[in-house]
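Dear colleague,

Please find below the structure that I am handing over to you, followed by an account of what was found in it. I would be grateful if you could read the two side by side.

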2 protein chains.
Amino acid sequence: MNERLTAVYEVPGPADEAARLARAIAFEETVEVPLDFPLKDEIRDQVVGRPAGPVPSEEGRFRVEVDFPAALAGGGLGTLLNLVFGNASIWPGVRLTDLRLPDSLLARLKGPNFGVEGLRRLLGVRDRPLLATALKPMGSTDAELAAAAAAFFRGGGDLAKDDQNLVDASFAHFRARVGRIAEAAARESARAGRPCLYLPHLSGPQEELEARLEFVLGLGLRGVLVCPAIVGLDQVRLLAERRAAVFMAHPAFSGAFYADRRHGLEISLYLGTLARLIGADVTVFPNAGGRFAFTAEECRAIAGRARAPLGSLAPAWPAPGGGMSLASAPAMARDFGADAVWLVGGRLLMSEGGPEGGARAFRAAMARAFPA
Amino acid sequence: MNERLTAVYEVPGPADEAARLARAIAFEETVEVPLDFPLKDEIRDQVVGRPAGPVPSEEGRFRVEVDFPAALAGGGLGTLLNLVFGNASIWPGVRLTDLRLPDSLLARLKGPNFGVEGLRRLLGVRDRPLLATALKPMGSTDAELAAAAAAFFRGGGDLAKDDQNLVDASFAHFRARVGRIAEAAARESARAGRPCLYLPHLSGPQEELEARLEFVLGLGLRGVLVCPAIVGLDQVRLLAERRAAVFMAHPAFSGAFYADRRHGLEISLYLGTLARLIGADVTVFPNAGGRFAFTAEECRAIAGRARAPLGSLAPAWPAPGGGMSLASAPAMARDFGADAVWLVGGRLLMSEGGPEGGARAFRAAMARAFPA
């Protein structure tokens, strides 16, 4: 195994400090000993990372790269995260911006079960984005949520997911709530002659996740919403590998990894690349112009990495959401193209005519942007 | 269930912006609808969080509190994290600094299996800190690591953990390596007539974690090192709940949550309180003056929260490490007292007389600071 992987970081300057940081990362993430430690030659040559750079980046910062033996990430996704950003995560100002992984590592990951093409086939939707909503607010009765989902589907919605805030005090509550909404979705599917996709939020105690997923799939539903930062990145990878379900990833709790632009992980690396490595078919993110501070460029980068070539992994759907309105439809179309999920929550539910009228209005806006 | 829990945040000013953010968090983390959404009265009264503050904090920032129904975190630790810092994590400048949890929630968590008193009983050590080291560097043979552990124990070391960078390409490699070091630890225990604690790094694919833990305990070892940010916080909680083993938590990959002091989670909340909620008996953190940028005050805060009253959960051991040397022993003693683990890696291994001489020297420094 002489294959290598490369991690790219943005670090503070000046240049000699950036170079020092690159060397420090190369040491810290492998041998983690003082620089004057009497390392054996073969360890220094074969194990310690190899730093390169610095290259000037933006605003006085620098790009550096560290090249590691790929074998050091051979124990699975967790070992990869540990290798490229274990202790380095604790240094202020260090941002992991890119990963270049050899095909041998990528080939061990199954990636999205459905991805862009698979979900199009499942839903029978061509040449336009998918319309999604979030079932909310928390505190609604099961019947209210089911009715909202049904109305959304009647108006032409493709995919209704639980709001990620929806939680159930117990498995019994989860069964009752999800069962009720699943019935509504099945009824609308039969009425419309097309699959109406309902994705319940897979949450709760770790020991119940698999059983809850089984229950969901046993109802005839095709997938779930999941928060990888809460459930665990490698746990999502495992669930997605075991069951050929649709996984829609939500960014809850992950923001601290990238909300500050000068450390952590590049937003698109986390919400684009990593989401896909763990098997997300759809990756939700807050669109520019909504309640969060993402820029249009950052959002395009997420979509780019969700769909760019990555070994033999299927492309994933970017799902911009968070404060979308009808007025932003043309921008959505322009920024993300047809292979995107339009995730419209509150504004759609509040539309004239309720979720049905809202779905109809958004589908009409979509039709204007993507004429058949 | 009318119990409440309170989340405390530090947010940017000015005061009216801080107040707006508190209201936004209260909405975002519960109903997540636009502020003009026609919420039913009972949802507005019973579900939406209740903001309080702002109170001026440091450097133009403000402290705000949001009080939530405790039932919204009733689905386990994941639902708690989602509730208090799900979408709020994505807002730049928002830092979760404290959590006040009702006893009913705390009572559902088992917490540390051993904690301060339990580990003292296990090791038979009274009235002084524990001396720990990290087995490294990566790339060493199994025999070399085993020899280093044995020498450390002969010199008086209490606890040898795998370096968190140590990974094994497969379960078979893990078995061979851990088995070899466990033999050495058992031999030294028998020779010294006291338990020499070896904690292997529990890592690898998610689906193997339980089996690897079983293997470790089957060898007669008493616990493991684990990286909760990689393995998943609730996954560690689950493992610790199922097996009465010692869990030493390492901060790898968690730094992005707190390295920037103006968003994410308060360092001591993550490495002190959360570590304990998931069952860490020992919580490792980079000490001030080492290679990382923690201040002495931050380190004392971690130790404080690791050991402060928290429902009926046992206190955990703070384990300051990262670039420690003999010269820092008096400061360690002063800052952390007797109930701390001195984690000394590279400098101890590099000592005159190797790990044995290093352990002896640190035990002597400890004896000077804590005379019997």
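**A buried valine and its surroundings**

A:Val231 is buried, as 26 other C-beta atoms lie within 10 Å; the cut-off for a buried residue is 20 or more. Please note that the model is predicted. A:Val231 belongs to helix H9 of chain A. Leaving aside residues up to four places away in sequence, A:Val231 touches A:Leu209, A:Val226 and A:Val236 in chain A, together with B:Gly78 and B:Gly232 in chain B. A:Phe85 lies 146 residues from A:Val231 in sequence, and the C-alpha atoms of the two are 19 Å apart in space.

**The relation between the two chains**

As to the extent of the contact, 68 residues of chain A meet 68 residues of chain B. On the side of chain A that touches chain B, at least two residues each come from helix H2 (41-46), helix H3 (77-85), helix H9 (228-231), H10, strand E10 (264-265) and helix H14 (346-349) of chain A. H3(A) gives the most to this side, namely five residues. Sorted by class, the side of chain A that touches chain B holds 34 nonpolar, 25 polar and nine charged residues.

**Helix H10 in each chain**

In chain A, helix H10 (residues 233-242) is mostly covered, with eight of its 10 residues buried. These are A:Leu233, A:Asp234, A:Gln235, A:Val236, A:Arg237, A:Leu238, A:Leu239 and A:Ala240. A:Val236 is also one of the residues that A:Val231 touches.

In chain B, eight of the 10 residues of helix H10 (residues 233-242) are buried, so this helix is largely enclosed by the rest of the structure. The buried residues of H10(B) are B:Leu233, B:Asp234, B:Gln235, B:Val236, B:Arg237, B:Leu238, B:Leu239 and B:Ala240.

**Two helix pairs**

How do helix H11 (residues 267-277) and helix H12 (residues 296-307) of chain A cross? Their axes come within 8 Å and cross at roughly 20°. H11(A) is therefore roughly parallel to H12(A), the limit for that term being under 35 degrees. The crossing of H11(A) and H12(A) is right-handed. H11(A) contributes A:Ile267, A:Ser268, A:Leu269, A:Leu271, A:Gly272, A:Thr273 and A:Arg276 to the contact, while H12(A) contributes A:Glu298, A:Ala301, A:Ile302, A:Gly304, A:Arg305 and A:Ala306. By class, the contact of H11(A) with H12(A) comprises six nonpolar, four polar and three charged residues.

In chain B, the axes of helix H13 (residues 329-336) and helix H15 (residues 354-369) come within 9 Å and cross at roughly 50°. H13(B) and H15(B) are therefore oblique to each other, and their crossing is right-handed. On H13(B), the residues B:Ala329, B:Pro330 and B:Ala333 meet B:Phe362, B:Ala365, B:Met366 and B:Ala369 of H15(B). The contact of H13(B) with H15(B) consists of seven nonpolar residues, with no polar and no charged ones.

Yours sincerely

Terms used. Residues numbered from 1 in each chain as written. Chains lettered and ligands numbered in written order. Predicted model: local features only at pLDDT ≥ 70, side-chain atom pairs only at ≥ 80, totals over all residues. Buried ≥ 20, exposed ≤ 12 C-beta atoms within 10 Å, placed from the backbone. Helix = DSSP H or I, 4+ residues; strand = E, 2+ residues; numbered from the N terminus. Axes fitted to C-alpha atoms, helices over the stretch in contact; angles between N-to-C directions. Parallel < 35°, antiparallel > 145°, perpendicular 65-115°, else oblique. Left-handed = near helix turned anticlockwise from the far one by under 90°. Contact = placed C-beta atoms within 7 Å. Nonpolar A, V, L, I, M, F, W, Y, C, P; charged D, E, K, R; others polar.
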